[in-house]
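Hi everyone, thanks for coming. Let me put today's protein up on the screen, and then we'll walk through it together.

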Amino acid sequence: MHCPRLYGPAQYCRMWNLGGFAHWPECCPFRHRNDDWPTARAEYQLTTLPRGSAKYEEIHRDLQFSAPFENHDPVTVLEIQAIRNDTLAQLYAERLGFVAAKQNSVFELELWHGTVPGALDSVLRDGLQPPSDRAAAPDCPTSGGKGLSASICGNKCAFCVREHKWDRCHMYGPG
């Protein structure tokens, strides 16, 4: 049976990628086929921001300010791209309206997130997803070979079955 949360007002299931390990004892018992998600057929476009533009300089400054990163190497910005995903923009506007109606106010903050190159297509198409509690299996056709520590698969993946141990990894990625 398909997950009813994907067809409800939020069109989202928080437990879709949880395996039921210690920190997350529950997992969703329903199916979460790729075609069931509102972003299944989403498309995105990338536009390179010109050096010297206001947005480029703002992002560049923020990246420089947040360095050094874990390996303490200096930050070298090669290119900054803007992402346009109309499906995610619509879902975001709906969610923002829901929060505004429920809370009578909305507080927004721009956040920057890095990920490994192998996960970019999923992030750009589906957006950032809360973390999975399962480790990415090297032989998994979806999560394997991308340099990920947490799985980007749903909780029915036959490959990604080990518990993910949190160790200085980004807690958000495409799954």
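So, to begin: in what order do the elements of the protein run from the N terminus on? The answer is β-α-β-α-α, which comes to three helices and two strands in the protein. Please keep in mind that this is a predicted model.

Now for the overall numbers. The protein has 175 residues, and 29% of them count as buried. If we take the contacts with a separation of 6 or more, 63% of them involve residues 24 or more positions apart.

Let's go inside. Which residues make up the largest nonpolar core? There are eight of them: Cys3, Leu6, Cys13, Met15, Trp16, Leu18, Cys28 and Trp37. Apart from that core lies another, made of six residues, including Leu49, Tyr56, Ile59 and Val75.

Back in the largest core, have a look at Cys28. Leaving aside neighbours within four places in sequence, Cys28 is in contact with Cys3, Arg5, Cys13, Met15 and Trp16, and also with Asn155 and Lys156.

And finally, the outside. Phe98, Val99 and Val106 form a nonpolar patch on the surface, and together they have about 220 Å² of accessible area. Val106 sits in the loop between α2 (86–103) and α3 (120–126).

How values were computed: Residues are numbered from 1 along each chain as its sequence is written. This is a predicted model: local features need pLDDT of at least 70, side-chain atom pairs count only at pLDDT 80 or more; totals for chains, interfaces and linings use all residues. Side-chain values use heavy atoms; hydrogens and water are left out. Patches are made of residues with over 30% relative accessible area and no salt bridge: like charges are joined within 9 Å, nonpolar side chains (Val, Leu, Ile, Met, Phe, Trp, Tyr) within 5 Å. Accessible areas come from the Shrake-Rupley method with a 1.4 Å probe; for residues, only the protein chains shown count as cover. A salt bridge is a side-chain nitrogen of Lys or Arg within 4 Å of a carboxyl oxygen of Asp or Glu. Helices (H or I, at least four residues) and strands (E, at least two) are DSSP runs, numbered from the N terminus. Buried means under 20% relative accessible area, exposed over 50%, partly exposed in between (1.4 Å probe, protein chains only). Contact means heavy atoms within 4.5 Å. A nonpolar core is a set of buried Ala, Val, Leu, Ile, Met, Phe, Trp, Tyr and Cys residues joined through side-chain atoms within 4.5 Å.
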